[in-house]
Amino acid sequence: MITKVSSLSPIRELVTAAALLAACATAVTSAEVQRPVANVESSRPQPVYLTVSKRGDMCVVTGQQAENVLFRSDDPRQAIEWALNHSRIAILTGGEFSVSDGVKIPRSGVTLIIAQNATLQAAADAQLTAVSEGHGDYRPLIHNQGRDHVAVINFGTLRAGRSGGACIMFNGRSGGGLGINGGVVFSSGTLTQCGDAIWLVD
């Protein structure tokens with residue numbers, strides 16, 4: 001199915017591929033998906049997707065018109081989290097992005113895509129926030145703490161860095177109850193870590 005979108009622009013191809021993956025993963029729980037998603041503002045129209053890219057030493061967030069910069073920061077984590085707060089899909093593209101702390105998924109119902117030409121990595125001096133598992137601490141590069149219907153799709157490279165680093169963590173622990181409803185984790189790219197590549201617990 002994904003090969004059929006090759007005639008689209010690269011960004012639209014990523015968006016379409018992500019939508020297909022999410023649709024396949026949630027087809028068996030369509031009733032659950034149809035429920036209102038918590039923490040997602042439905043009254044305010046939002047762009048279909050936002051792109052996070054490098055311009056010099058800055059990270060910029062743009063919409064479908066690349067010349068229209070909506071947000072800029074020298075901290076890639078801030079740019080990514082801003083994009084996820086203002087669109088249902090955020091696409092990281094075009095360069096290496098080094099973060100001093102892990103990217104935290106800010107709300108439910110969003111998708112983070114790491115494009116093939118993008119690398120998200122822990123900086124050499126990064127202090128990723130530790131999450132205790134009981135047997136030890138994990139330091140996630142991308143951390144979903146209890147958000148529903150979140151997709152993290154990696155076509156590029158994720159480097160978690162130091163000991164205990166995990167590239168992607170979905171942590172739904174909620175006092176022994178069900179903590180996360182729905183979601184997708186997919187990677188056809190590279191995952192480099194000193195702990196677990198992907199850490200899922202619900």
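In this predicted model, Glu96 has a bridge partner in strand 8, and that partner is Thr119. The bridge belongs to a longer pairing. Strand 5 (residues 95–99) and strand 8 run in the parallel sense and share 5 bridges. Strand 8 also pairs with strand 12, again in the parallel sense, over 3 bridges. There, Leu120 stands opposite Leu158.

How many residues of strand 8 (residues 118–122) are buried? The count is 5 of the 5, so strand 8 is largely enclosed by the rest of the structure. Both of its faces are covered. Ala118, Leu120 and Ala122 are buried on one side. Thr119 and Gln121 are buried on the other.

In soluble globular proteins, nonpolar side chains tend to be buried together. Here the largest nonpolar core has 32 residues. Leu120 and Leu158 are among those with the most contacts inside this core, along with Val52, Ile80, Leu92, Ile114 and Ile142. Helix 3 (residues 76–86) gives the core its largest share, 4 residues. Another core, of 8 residues, lies apart from the largest one. Ile91, Ile153, Phe155 and Val184 are among its members.

Which residues does Ile114 touch, leaving aside those up to four places away in sequence? They are Leu92, Ile142, Leu158, and the run Val152, Ile153, Asn154, Phe155, Gly156 and Thr157.

Thr51 has Ile91 of strand 4 as its bridge partner.

A search of the whole structure finds 2 aromatic pairs. Why does the pair Phe71 and Trp82 count as stacked? The ring centres are 5.1 Å apart and the planes stand at 10 degrees, so the pair is stacked. Phe71 sits in strand 3 (residues 69–73) and Trp82 in helix 3, 11 residues apart, and the pair links these distant parts of the chain. Phe71 counts as partly exposed, at 21% relative accessibility.

The other pair is Phe155 and Phe186. Their ring centres lie 6.1 Å apart and their planes are at 65 degrees, so this pair is edge-to-face. Phe155 lies in the loop between strand 11 (151–154) and strand 12 (157–159), while Phe186 is in strand 14 (residues 184–187), so the pair ties together parts that are 31 residues apart in sequence. Phe186 is partly exposed, with a relative accessible area of 27%.

Lys54 lies over the face of Phe97, at 5.5 Å from the ring centre.

His149 lies in the loop between strand 10 (137–145) and strand 11. Although His149 is not a glycine, its phi is positive, about 50 degrees. His149 is buried, with a relative accessible area of 18%.

Key. Residues numbered from 1 in each chain as written. Predicted model: local features only at pLDDT ≥ 70, side-chain atom pairs only at ≥ 80, totals over all residues. Heavy atoms only, no water. Core = buried A, V, L, I, M, F, W, Y, C linked by side-chain atoms within 4.5 Å. Buried < 20%, exposed > 50% of the residue type's maximum accessible area, 1.4 Å probe, protein only. Helix = DSSP H or I, 4+ residues; strand = E, 2+ residues; numbered from the N terminus. Contact = heavy atoms within 4.5 Å. Phe/Tyr/Trp six-rings, centres within 6.5 Å; stacked < 30°, edge-to-face > 60°. Lys NZ or Arg CZ within 6 Å of the ring centre and 35° of its normal. Pairing = 2+ DSSP bridges.
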